[in-house]
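Please keep the sequence and the model in view while reading.

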Amino acid sequence: MRILLLTHAFNSLTQRLAAELRLRGHDITIEFDIADTVTEEAVMLFRPELIIAPYLRRAIPESVWSQHLCLIVHPGVVGDRGPSALDWAIQAGVAEWGVTVLQAEAEMDAGPVWANASFPMRAAKKSSIYRNEVTQAACRAVLLAVQRFVQPEFQPQRPLASQWRPLLPQADRAIDWQHDDSTSVLRKIAAADGSPGVADSLFGQPCHLFDAWPEATRRGLPGAVIARRETALLRATRDGAVWIGHVKREGSIKLPATLAFENESGSVPEAPLESWWRAGSATWQDIAYEESGAVGFLHFEFYNGAMSTVQCERLRAALVWARQRPLRILVLMGGADFWSNGIHLNVIEAASLGEGSAADESWRNINAMNDLALELIGSGQQLTVAALGGNTGAGGCFLARAADLVWAREATILNPHYKNMGNLYGSEYWTYLLPRRVGADAAGAIMRDRQPLTARRAVEIGFTDACLAGDVPAFRVEVERRAAELAAAPDFAAKIAAKCAARACDEAAKPLAAYREEELTHMRRNFYGFDPSYHIARHHFVRKSPASWTPRHLARHRDLGWSIP
Ligand code: COA
């Protein structure tokens, strides 16, 4: 079937739906919801049998929905209507939520229902629910709706009752630091993460709060900032305290809290953790180590999978430390929602907002990523595993590939390419790591075509080593089981010997330093050269500038050969 995906962005949900529909043989193209005329033109060019809208910011024009069946993916249960569906659900603490696929009409979210799917709600931030439960439910519901579309006997029904809920206003999100307990502060920030955040203030300055974590032991005067640790600030509530990981100051971009308030944070007492071991009681810990027998697990929960220079350096220090442990297997777990999305574009952008240089910070960041990748590639006497429970993109994919084995959860999406960021060439030793896994031609196509890979497809082409079913907790159980099995395997010593021999052979053929130097020659040009594309793309990415056209590699209907009839 010819299906047009009409969406505000090619986000993780849209990527996943496109992949699932293509897997079932459908012909998919994508157009962004830029303007009515652009939508109308896409419809004219592609002549879709069905239009699906996974993520819209503007209404579909009547000229389109009155002529074609348009299915809207609404992140709410049947009868729920409005633009802040998930926010309201999280804020209200509902036990179960869902996704509804309904027909577009004049009135928003009021059309007949083609399919729906539900899920138990988890105590997590909105963006995490969206990337996990909502995405899974949306796939189930959309695939069902597509099946029903070809069943002439299926008649979509209007909900018996419906409730319109407007955009959740900041007044309803507001935190009362004197009276709210930690649970409600965490819930309010979770309901607004990653956008729009909760409007509040820190050090007397207005800002929006994101990325909150519980703290079990520390206490202070309600509302006071009582400690800092790495990128986060600890703020006291009525009955405890919560860590604030990220903030957006007025007129600025979203940044790690201690960077956004760099001067003010200096006078806040530090509350460092004693070691890399996972802390006993609940607290904020971005890098945490656990061990089970001869298997070590290194978790790195970096917000949005973005890894700044300092985060890379700290993770490398943790990796070096873990490698001194009596281990056979070291598993890099990444974070719950993302494994890694490469260099930290917001922190890099912040350098250009102050006295610093974004080019210099980009250079430092990519070198720190490379040092981390090098540490992994050279992990001699242990087998390393990258366990991708969440999505991973750009340099993060190649950092994962620097491990001996990559296991990905079935629902994850990988974007192992860089060009979307202003034609960035990329580093992380990808020129060494990618072709030897998939072949030179496929490596070229992956970089050029810039298409997302499902976990299953990544195994098929040889980029990863295993695709494991289940949700995040089930994935972790399976990773632990497999890692223990590897550690106990009778051929462990032979595997290590083969790995070291292969590395020595590769190094003799072409040293890693040469790959790095070649990649960095291109990157130097990206950062410091005449062509400012990378800096412009980063500027728009961190500010979420609306797209003014759909990239050509997504809008297949705009390829040469299609013509308006
Ligand atoms: N640096 C800083 N922030 C990043 C980031 C990075 N490298 N990658 C993603 N993010 C942020 C996004 O800005 C967004 O922020 P928000 O919380 O304010 O909304 C959040 O992570 C989620 O990103 P989003 O694009 O909505 O997620 P997705 O799952 O739909 O898409 C990617 C994932 C990886 C395809 C997409 O985020 C991307 O292209 N990232 C840039 C990767 C990159 O070019 N890295 C630099 C080269 S190594």
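## The ligand and its shell

The ligand is surrounded by 23 residues, where a residue is near a molecule if one of its heavy atoms lies within 4 Å of it. The closest are Ser12, Lys254, Asn304, Ile343 and Leu345. This is a predicted model, in which local features need pLDDT of at least 70 and side-chain atom pairs count only at pLDDT 80 or more, while totals for chains, interfaces and linings use all residues. Residues are numbered from 1 along each chain as its sequence is written, and side-chain values use heavy atoms, with hydrogens and water left out.

By residue class, the shell holds 9 nonpolar, 11 polar and 3 charged residues. Here Ala, Val, Leu, Ile, Met, Phe, Trp, Tyr, Cys and Pro count as nonpolar, Asp, Glu, Lys and Arg as charged, and the others, Gly among them, as polar. Domain 1 (2-160) and domain 3 (287-531) each supply at least three residues of the shell; these bounds come from an automatic or database domain assignment.

Which residue has a polar backbone atom 2.7 Å from an oxygen atom of the ligand? That residue is Ser12. A nitrogen atom of the ligand lies 2.9 Å from a backbone N or O atom of Leu345. For Asn346, an N or O atom of the side chain is 3.4 Å from a ligand nitrogen atom. On its own the ligand has 870 Å² of accessible area, and the protein covers 85% of it. Accessible areas come from the Shrake-Rupley method with a 1.4 Å probe, and for residues only the protein chains shown count as cover.

A polar contact is a pair of N or O atoms within 3.5 Å; within protein, one must be able to donate a hydrogen and the other to accept it, and residues adjacent in sequence count only if both atoms are side-chain atoms.

Gln15 belongs to helix H1 (residues 12-23). Helices (H or I, at least four residues) and strands (E, at least two) are DSSP runs, numbered from the N terminus. Is Gln15 buried or exposed? Gln15 is buried because its relative accessible area is 11%; buried means under 20%, exposed over 50%, and partly exposed in between (1.4 Å probe, protein chains only).

Asn391 sits in the loop between strand S18 (383-388) and strand S19 (392-393). With 13% relative accessibility, Asn391 also counts as buried. Its side chain reaches the backbone nitrogen of Ile413 at 2.9 Å.

Asp360 is part of helix H12 (residues 358-377) and is partly exposed, at 32% relative accessible area. Asp360 and Arg524 are 164 residues apart along the chain, with their C-alpha atoms separated by 9.8 Å.

Thr521 lies in helix H20 (residues 512-528) and counts as partly exposed, at 31% relative accessibility. The Thr521 side chain reaches the backbone oxygen of Glu517 at 2.7 Å. Between the C-alpha atoms of Thr521 and Asn423 the separation is 14 Å, and the two residues are 98 residues apart along the chain.

## Backbone geometry

Two asparagines have a positive phi although they are not glycine: Asn304, at about 60°, and Asn423, at about 65°. Asn304 is in the loop between strand S16 (295-300) and helix H10 (309-323) and is partly exposed at 32%. Asn423 is in the loop between strand S21 (413-415) and helix H14 (430-433) and is partly exposed at 46%.

Where is Gly194? Gly194 lies in the loop between helix H7 (182-190) and strand S9 (198-202), and Pro196 is placed in the loop between H7 and S9. The peptide bond from Asp193 to Gly194 is cis, with omega near -10°. Ser195 and Pro196 are also joined by a cis peptide bond, with omega about 5°.

## Annotated regions

UniProt, in an unreviewed entry, annotates residues 40-142 as "domain: Formyl transferase N-terminal". UniProt positions are in the numbering used here, feature names are shortened, and annotations may be inferred rather than shown by experiment. Over residues 40-142 the chain is 35% helix and 28% strand, with the end C-alpha atoms 23 Å apart.

The UniProt feature "domain: Formyl transferase C-terminal" (unreviewed entry) is placed at residues 170-258. Over residues 170-258 the figures are 17% helix and 43% strand, and the end C-alpha atoms are 24 Å apart.
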